[in-house]
Amino acid sequence: MSGMTIERLKELHESRPFKPFIIHMGDGRSVPVVHPEFLARSVSGRTVVVIDPDDHAHHIDLLLVTDLEIGNGKRGRRSR
């Protein structure tokens with residue numbers, strides 16, 4: 001799934017207009033990406049850094065991602 005996840009994340013990150021999305025991890029964590037400038041990809045594309053709304057930096061190995069969900073996680077405001 002890693003190659004598919006890397007490509008899908010790139011598509012979501014570069015989409016215009018940008019739609020917020022959530023990165024779901026295998027350990028149960030979820031990290032929202034609320035703006036394209038809050039996500040940086042490594043050269044290989046395997047690792048990303050996301051700054052969340054609380055100003056915390058999350059270093060994410062995309063091999064550990066289980067799902068990418070379009071929307072901001074707030075009930076009634078999901079984008080499909």
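**View 1. One helix and six strands make up the chain.** Helices (H or I, at least four residues) and strands (E, at least two) are DSSP runs, numbered from the N terminus. Along the sequence they follow the pattern α-β-β-β-β-β-β. This is a predicted model, with residues numbered from 1 along each chain as its sequence is written. Local features need pLDDT of at least 70 and side-chain atom pairs count only at pLDDT 80 or more, while totals for chains, interfaces and linings use all residues; side-chain values use heavy atoms, leaving out hydrogens and water. Of the 80 residues, 31% count as buried (under 20% relative accessible area; exposed is over 50% and partly exposed in between, with a 1.4 Å probe and protein chains only). The chain exposes about 5300 Å² (Shrake-Rupley method, 1.4 Å probe), and carbon and sulfur atoms supply 51% of that area.

**View 2. Strand β1 is covered on both faces.** Let's zoom in on residues 21-25, where five of five residues are buried. In a regular strand the side chains alternate between the two faces of the sheet. Here Phe21, Ile23 and Met25 lie on one side, and Ile22 and His24 on the other.

**View 3. β1 and β2 form a hairpin.** Four bridges join β1 to β2 (residues 30-33), and the two run antiparallel; strands count as paired if DSSP finds at least two bridges between them. His24 has Ser30 of β2 as its bridge partner. Four residues separate the strands, and Gly28 in the turn has a positive phi of about 95°.

**View 4. β1 also pairs with β6.** Five bridges link β1 to β6 (residues 65-70), again in an antiparallel arrangement.

**View 5. The largest nonpolar core has 15 residues.** Such a core is a set of buried Ala, Val, Leu, Ile, Met, Phe, Trp, Tyr and Cys residues joined through side-chain atoms within 4.5 Å. Leu9, Phe21, Ile23, Leu39, Val50 and Ile60 touch the most other members. At least two core residues come from each of α1 (2-14), β1, β2, β4 (47-51) and β6. β1 gives the most, with three residues.

**View 6. Contacts of Ile60.** Beyond its neighbours within four places in sequence, Ile60 is in contact (heavy atoms within 4.5 Å) with Ile23, Met25, Val31, Arg46, Thr47, Val48, Val50 and Val65. For the whole chain, residues 24 or more positions apart account for 46% of the contacts with a separation of 6 or more.
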